[in-house]
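Subject: Handover of a structure and its findings

Dear colleague,

Please find below the structure that I am handing over to you. I would be grateful if you kept it open while reading the notes that come after it.

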Amino acid sequence: MKIAVLVLAAGKSSRMKTPKQLVTIGSNFLIETVLSKAKSIEANAVYCILGANAEIILKEISSPDVHFFYNKDFEKGLSKSISFGISEIEKQYQNYDGILVLLGDQPAVEKEYLKNMIALFSKSNTKIIASNYGNKLGVPALFPKNYFKDLKNIYGDIGAKEILNNNSEVISMPQKTNFLDIDTEKDYQDFKNSILK
């Protein structure tokens, strides 16, 4: 099984008022924390989509073995980053069986959870493996190659929600994880306090 990880980190951080990719989690930046986790789950390659503040972020972080793509249309929303990322991966690196999509602002998702997604995918590699938020399915989500074309055609700021939530070919992850998005200063402080407990 050839699996790629696609980390979405192109947003403007408008609610944080500073590039949230560069807030610190322990001794690392937020985006480094997520990329490090992505690299540790035995995927074949890790790709990261940057957009707003891309130059500043690349100057600050240290993430060897990650392929970075610049999405100049980052203001068009999450869907544009997904469709752009899938297109670039297909253009430059062929033949992945699946692509695991992660958000660059979800640092609390456990490594074991991501490994379990891949294990589940290895048994059902034509189906999407999605995270269960209770009232909806979302990312992290692992998409098989038969969905790459659909992902390249999504638009707006809804990401892949339409594909995930209106589809009988989706397997919901039985486990839960911490899906906290760091969008605001309060989210950031709450997360830092939680890891200090």
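The following paragraphs describe the chain as a whole and then several of its parts.

This is a predicted model, in which local features need pLDDT of at least 70 and side-chain atom pairs count only at pLDDT 80 or more, while totals for chains, interfaces and linings use all residues. Residues are numbered from 1 along each chain as its sequence is written, and side-chain values use heavy atoms, with hydrogens and water left out.

The whole chain

The chain has 7 helices and 9 strands; these are DSSP runs numbered from the N terminus, with helices being H or I of at least four residues and strands E of at least two. Its radius of gyration is 16 Å, close to the 16 Å that the globule rule gives for 197 residues, so the chain is as compact as a globular protein of that length. That radius is taken over C-alpha atoms, and the rule is 2.2 Å times the number of residues to the power 0.38. Along the principal axes, the C-alpha atoms fill a box of roughly 40 × 35 × 30 Å.

Of the 197 residues, 50% count as buried (buried means under 20% relative accessible area, exposed over 50%, and partly exposed in between, with a 1.4 Å probe and protein chains only). Among contacts (heavy atoms within 4.5 Å) between residues at least 6 apart in sequence, 70% join residues at least 24 apart. Lys192 belongs to helix α7 (residues 185-196) and is partly exposed, at 26% relative accessible area.

The cavity

How many cavities of 30 Å³ or more are there? The count is 1, and the largest cavity has a volume of about 50 Å³. A cavity here is a set of points, on a 1 Å grid over the protein atoms alone, where a 1.4 Å probe fits but cannot get out; lining residues have an atom within 4 Å of a point. Grid points are joined across faces, edges and corners, and the volume is the space filled by probe spheres set on them.

The lining of the largest cavity consists of Val34, Lys37, Leu102, Leu103, Gln106, Val109, Leu114 and Pro140. The elements giving two or more residues to this lining are α1 (30-39) and β6 (98-103). Helix α1 is mostly covered, with 7 of its 10 residues buried, and Val34 is one of the buried residues. Pro140 lies in strand β8 (residues 137-144), and the peptide bond from Val139 to Pro140 is cis, with omega near 5 degrees.

Backbone and loops

Most residues other than glycine have a negative phi, and most peptide bonds are trans. Ser13, in the loop between β1 (3-9) and β2 (24-25), has a positive phi of about 60 degrees although it is not a glycine. Asn53, in the loop between β4 (45-50) and α2 (54-60), also has a positive phi of about 60 degrees. Ser13 is buried at 7% relative accessibility, whereas Asn53 is partly exposed at 30%.

Leaving aside residues up to four places away in sequence, Asn71 touches Ile49, Leu50, Gly51, Lys80, Ser81 and Phe84.

Yours sincerely

Terms used. On a 1 Å grid over the protein atoms alone, a cavity is a set of points where a 1.4 Å probe fits but cannot get out, and a pocket is an open set with protein on both sides within 12 Å along at least five of seven lines; lining residues have an atom within 4 Å of a point.
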